[in-house]
Number of protein chains: 2
Amino acid sequence: MNDAKEILKKSKLRPTIQRVAIVDYIIEKHKVHITAAKLIKYLKNKKINISLATIYNNLNELADKGILKKFYVNNDKMWFDTNLQDHYHFYDPEKDELIDINKNEISFSKSPKIPNGKVKGSINIIINLKNKN
Amino acid sequence: MNDAKEILKKSKLRPTIQRVAIVDYIIEKHKVHITAAKLIKYLKNKKINISLATIYNNLNELADKGILKKFYVNNDKMWFDTNLQDHYHFYDPEKDELIDINKNEISFSKSPKIPNGKVKGSINIIINLKNKN
DNA sequence: TAGATTATTAGAATCATTCTAAACTAGAAA
DNA sequence: TTTCTAGTTTAGAATGATTCTAATAATCTA
């Protein structure tokens, strides 16, 4: 059994052709930032029959199972990240591309007081990039 | 001439009824996070005739002129902020509400290396809030 | 006040994402 | 294996925020 099937089995997701293809991609690319549009383009190229709805269904499911991390960059679109560790991103609008910022590349010497009755949830840091002119 | 008209004149924007109403709102609320949907609701309540398209046109124009700051929270929607200083936000998904984090409430002791050929653009920090359980 | 310019508007268009409900498939049980 | 059932996939419709279009209206300048 290949790794993709193994992973899917562990998450109680049936290893359909489409799902295996998606997970294979994730394994192959290892660390990658995925967009539904980018992924369907890649799979169509590989002659794998899959619909956009299935791409979304599966990326969302994989995120629910903790195999991917789902997040947003500006208003643009939904991204999925295979890097599950706490980390942040540079965004290069020119290439529509994200670059990881590992947690150890940023540290805070002062953090803001959380409002009463609330606790900190996920933290989103995006540093937008511009070309040096 | 009222403040709203003054501001619009400085930005070379004609002080139409709709624009004056929007800028009045901004002045009155002083520091506020605006959404097109919230704003149209408020203005309709005040019996001001305005269409959604006009709201968007004007919020975008005011952002272009530097009177508002435009940004996004998750994928949800476009927000406009009257606080023009560098600052960040808490987001309370339950109330669909933003809370400012002033720049002096956060400080970095370590910042990531900017990729070659690029420079830092805007920095987006959103700390999502959850209820204390 | 006229003419030119700029604004507003309703409704259509767009785009990413989700929903729907019908057709299909994998896996369990016999 | 066949059969059954729950889980999947799919095309296309629906959604929701935002932008576009092009017709109408308001403001400004001379």
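Let's start at the DNA. Take the atoms of DNA strand C within 4 Å of the protein: 78% belong to sugar or phosphate, and the rest to bases. Keep in mind that this is a predicted model.

Who sits around that strand? In total, 21 residues surround DNA strand C. The closest are Tyr56(A), Met78(A), Thr16(B), Arg19(B) and Thr54(B). By class, this surface has eight nonpolar, eight polar and five charged residues. Several elements each supply at least two residues: α4 (52-64) and β3 (77-81) of chain A, along with α2 and α4 (52-64) of chain B.

Now some individual contacts. Thr16(B) has a polar side-chain atom 2.4 Å from a phosphate oxygen of DNA strand C. For Gln18(B), the corresponding distance to a sugar or linking oxygen is 3.2 Å.

Next, the aromatic rings. How many aromatic pairs are there over all chains? A search of the whole structure finds three. One of them is Phe108(A) with Phe108(B): the centres are 5.2 Å apart and the planes at 35°, so the pair is tilted. Each Phe108 lies in strand β6 (residues 107-110) of its own chain, A or B, so this pair joins two chains. Phe108(A) is partly exposed, at 30% relative accessible area. Phe108(B) is also partly exposed, at 30%.

Another pair is Tyr25(B) with Tyr42(B). Their centres are 4.5 Å apart and their planes at 55°, so this pair is tilted. Tyr25(B) lies in helix α2 (residues 17-29) and Tyr42(B) in helix α3 (residues 36-45), so the pair ties together parts 17 residues apart in sequence. Tyr25(B) is buried, with a relative accessible area of 10%.

Technical notes. Residues are numbered from 1 along each chain as its sequence is written. Chains are lettered from A and ligands numbered from 1 in the order in which they are written. This is a predicted model: local features need pLDDT of at least 70, side-chain atom pairs count only at pLDDT 80 or more; totals for chains, interfaces and linings use all residues. Side-chain values use heavy atoms; hydrogens and water are left out. Rings of Phe, Tyr and Trp (its six-membered ring) pair if their centres lie within 6.5 Å; planes under 30 degrees apart count as stacked, over 60 as edge-to-face and the rest as tilted. Helices (H or I, at least four residues) and strands (E, at least two) are DSSP runs, numbered from the N terminus. Buried means under 20% relative accessible area, exposed over 50%, partly exposed in between (1.4 Å probe, protein chains only). A residue is near a molecule or strand if one of its heavy atoms lies within 4 Å of it. A polar contact is a pair of N or O atoms within 3.5 Å; within protein, one must be able to donate a hydrogen and the other to accept it, and residues adjacent in sequence count only if both atoms are side-chain atoms. Ala, Val, Leu, Ile, Met, Phe, Trp, Tyr, Cys and Pro count as nonpolar, Asp, Glu, Lys and Arg as charged, and the others, Gly among them, as polar.
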